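Here is a short briefing on one protein model. Have the sequence and the 3D view open, and look up each residue as you read.

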Amino acid sequence: MSDDDVKPQAGLTPAAVIEALKGVADPELRKDVVALHMVKGMTVEHGRVAFTLELATPAHPARDHIRAAAEQAVGALPGVAVVDITVG
């Protein structure tokens, strides 16, 4: 994903979201979701951050854990009002 795919907001940038998501790891693969290229189609608009997490398999055993950790990490950023994650 490139920074051209998203619309930055004052105080809340796609780079900041990506940086926050680097702290979210897949417990089975022991790498973060950014390094594993799981974050797709991010948009940042008016305090709303939306993206898709493409897991290795749809029935990933840590699916709910990864989604919750991603929502918590992004939601903690200044300027975020809504986090909308689609898990695929």
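Valine 49 sits in strand S4, residues 48-53. Helices (H or I, at least four residues) and strands (E, at least two) are DSSP runs, numbered from the N terminus. The model is predicted, so local features need pLDDT of at least 70 and side-chain atom pairs count only at pLDDT 80 or more, while totals for chains, interfaces and linings use all residues. Residues are numbered from 1 along each chain as its sequence is written, and side-chain values use heavy atoms, with hydrogens and water left out.

**Valine 49**

- Valine 49 is buried, and its relative accessible area is 0%. Buried means under 20% relative accessible area, exposed over 50%, and partly exposed in between (1.4 Å probe, protein chains only).
- Neighbours within four places in sequence aside, valine 49 is in contact with Leu12, Val17, Thr43, Val44, Val74, Val80, Val82, Val83 and Asp84. Contact means heavy atoms within 4.5 Å.
- Glycine 75 is 26 residues away from valine 49 in sequence, and the C-alpha to C-alpha distance is 8.7 Å.

**The sheet**

- Three strands form an open sheet in the order S3-S4-S5, with mixed pairing. Two strands pair if DSSP finds at least two bridges between them.
- Strands S3 (39-45) and S5 (82-87) stand at the edges with a single partner strand each, so one side of each has no neighbour in the sheet.
- Neighbouring strands of this sheet are turned by 10° against each other on average, direction ignored.
- S3 and S4 are antiparallel and pair over five bridges. Here valine 39 stands opposite leucine 53 in S4.
- S4 and S5 run parallel, joined by six bridges. Phenylalanine 51 has isoleucine 85 in S5 as its bridge partner.
- Strands of a sheet pair through backbone hydrogen bonds, either parallel or antiparallel.

**Helices against the sheet**

- Helix H2 (residues 63-75) lies across S4 and S5, and runs at about 155° to S5. Axes are lines fitted to C-alpha atoms, for helices over the stretch in contact, and angles run from 0 to 180 degrees between N-to-C directions.
- S4, H2 and S5 make a right-handed β-α-β unit. Right-handed means that, with the strands pointing away from the viewer, the path from the first strand over the helix to the second runs clockwise.
- Which residues of S5 are on its covered face? They are Val83, Ile85 and Val87, while Val82, Asp84 and Thr86 make up the uncovered face.
- In a regular strand the side chains alternate between the two faces of the sheet.

**The nonpolar core**

- The largest nonpolar core has 23 residues. Such a core is a set of buried Ala, Val, Leu, Ile, Met, Phe, Trp, Tyr and Cys residues joined through side-chain atoms within 4.5 Å.
- Val17, Leu21, Val33, Val49, Phe51, Leu53 and Val74 have the most contacts inside this core.
- H1, S3, S4, H2 and S5 are the elements that give two or more residues to this core.
- Leaving aside neighbours within four places in sequence, leucine 53 touches residues including Val33, Met38, Ile66, Ala70 and Val87.
- In soluble globular proteins, nonpolar side chains tend to be buried together.

**Loop residues**

- Is histidine 60 buried or exposed? Histidine 60 counts as buried, because its relative accessibility is 6%.
- Histidine 60 is in the loop between S4 and H2. Residues up to four places away in sequence not counted, histidine 60 touches Asp26, Glu28, Leu55 and Ile66.
- Arginine 30 is in the loop between strand S1 (25-26) and strand S2 (31-32). Arginine 30 is exposed, with a relative accessible area of 74%.
- Phi of arginine 30 is near 60°, a positive value in a residue other than glycine.
- Histidine 37 lies in the loop between S2 and S3. Histidine 37 counts as exposed at 57% relative accessibility, and its phi is near 55°, also a positive value in a residue other than glycine.

**The whole protein**

- The protein has two helices and five strands. From the N terminus on, they run α-β-β-β-β-α-β.
- Of the 88 residues, 34% count as buried.
- Among contacts with a separation of 6 or more, 56% are between residues 24 or more positions apart.
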